[in-house]
Amino acid sequence: MYLTVIAAGNVGKDPEARFTPSGQQVTSFSVATNRQYKSKDGETVKETVWIRVTTWGKLAEVCQQYVSKGMKVLIEGTLTPDKETGGPKIWKKSDGSPAASYDVTASRVVFLSRSNKEEEFEGG
C-alpha cells in the first residue's frame, strides 16, 4: 500500500536544516492548513491543521534557500506516523490544552507566490 498526502497552506516558521552523518541535508518546516465551514447551527467554524514537513537532499537544499515564514506552499509526500502512537504527534501546549501535528516527508514542494506564479521542485 502507498499513501500520498497533498496539502496547501502557509509556512509557520523559517526552515531548519541539519545534516546526516553521511553529509546529506535534511530541512524541516511547518505548514498550517486552514479550512472554514458552517456548523449545523450555522456558525462559522475555523480549523487549522499543522503539518511538519521534512525534505531530503536537493529538495532540502532548495527549501532551505527559498522557503520562509508566511509563504504559501503546496506539498506532496508520504505521511509518517508517530512511532509511539501510530497517529499524529500529540503534546500539551504551555496552557495545558492538547495539540497535534502530522509529519509528512515531502517528495514535491510547490512555491505559491502572491503573483500566482508557481515554481515546483521534486526530490529524488
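Residues are numbered from 1 along each chain as its sequence is written, and side-chain values use heavy atoms, with hydrogens and water left out. Because the model is predicted, local features need a pLDDT of at least 70 and side-chain atom pairs count only at pLDDT 80 or more, while totals for chains, interfaces and linings use all residues.

Helices (H or I, at least four residues) and strands (E, at least two) are DSSP runs numbered from the N terminus, and two strands are said to pair if DSSP finds at least two bridges between them. Strand E3 (residues 25–38) takes part in several such pairings. Strand E1 (residues 5–11) pairs with E3 in the antiparallel sense over two bridges, and Val 11 has Val 31 of E3 as its bridge partner. Strand E2 (residues 16–19) is likewise antiparallel to E3, with four bridges, and here Ala 17 stands opposite Thr 27. The hairpin of E2 and E3 has five residues between the strands, among them Gly 23, which takes a positive phi near 100 degrees. E3 and E4 pair in the antiparallel sense over 13 bridges, with Ala 32 opposite Trp 50 in E4. In the hairpin that these two strands form, five residues lie between the strands, and Gly 42 takes a positive phi near 85 degrees. The hairpin of E6 and E7 has five residues between the strands, and Gly 96 in the turn has a positive phi of about 90 degrees.

Five salt bridges were counted, a salt bridge being a side-chain nitrogen of Lys or Arg within 4 Å of a carboxyl oxygen of Asp or Glu. One of them joins Arg 52 to Glu 16, with the closest N and O atoms 3.8 Å apart; this pair links distant parts of the chain, since Arg 52 is in strand E4 and Glu 16 in strand E2, 36 residues apart. Another joins Glu 47 to Arg 35 at 2.8 Å between the closest N and O atoms, and because Glu 47 lies in strand E4 and Arg 35 in strand E3, the pair ties together parts that are twelve residues apart in sequence. Within helix H1, Glu 61 and Lys 58 are three residues apart, about one turn of the helix, and their side chains meet in a salt bridge of 3.9 Å, N to O. Salt bridges that share partners also join Lys 13, Glu 16 and Arg 52 into one network.

One aromatic pair was found, formed by Tyr 66 and Phe 111, which are tilted, at 6.4 Å centre to centre and 45 degrees between the planes. For this term, rings of Phe, Tyr and Trp (its six-membered ring) pair if their centres lie within 6.5 Å, and planes under 30 degrees apart count as stacked, over 60 as edge-to-face and the rest as tilted. Tyr 66 lies in helix H1 (residues 57–66) and Phe 111 in strand E7 (residues 98–112), 45 residues apart. Buried means under 20% relative accessible area, exposed over 50% and partly exposed in between (1.4 Å probe, protein chains only); Phe 111 is therefore buried at 6%, whereas Tyr 66 is partly exposed at 45%.

Contact means heavy atoms within 4.5 Å, and, not counting residues up to four places away in sequence, Thr 54 touches Val 26, Thr 27, Ser 28, Val 104, Thr 105 and Ala 106.
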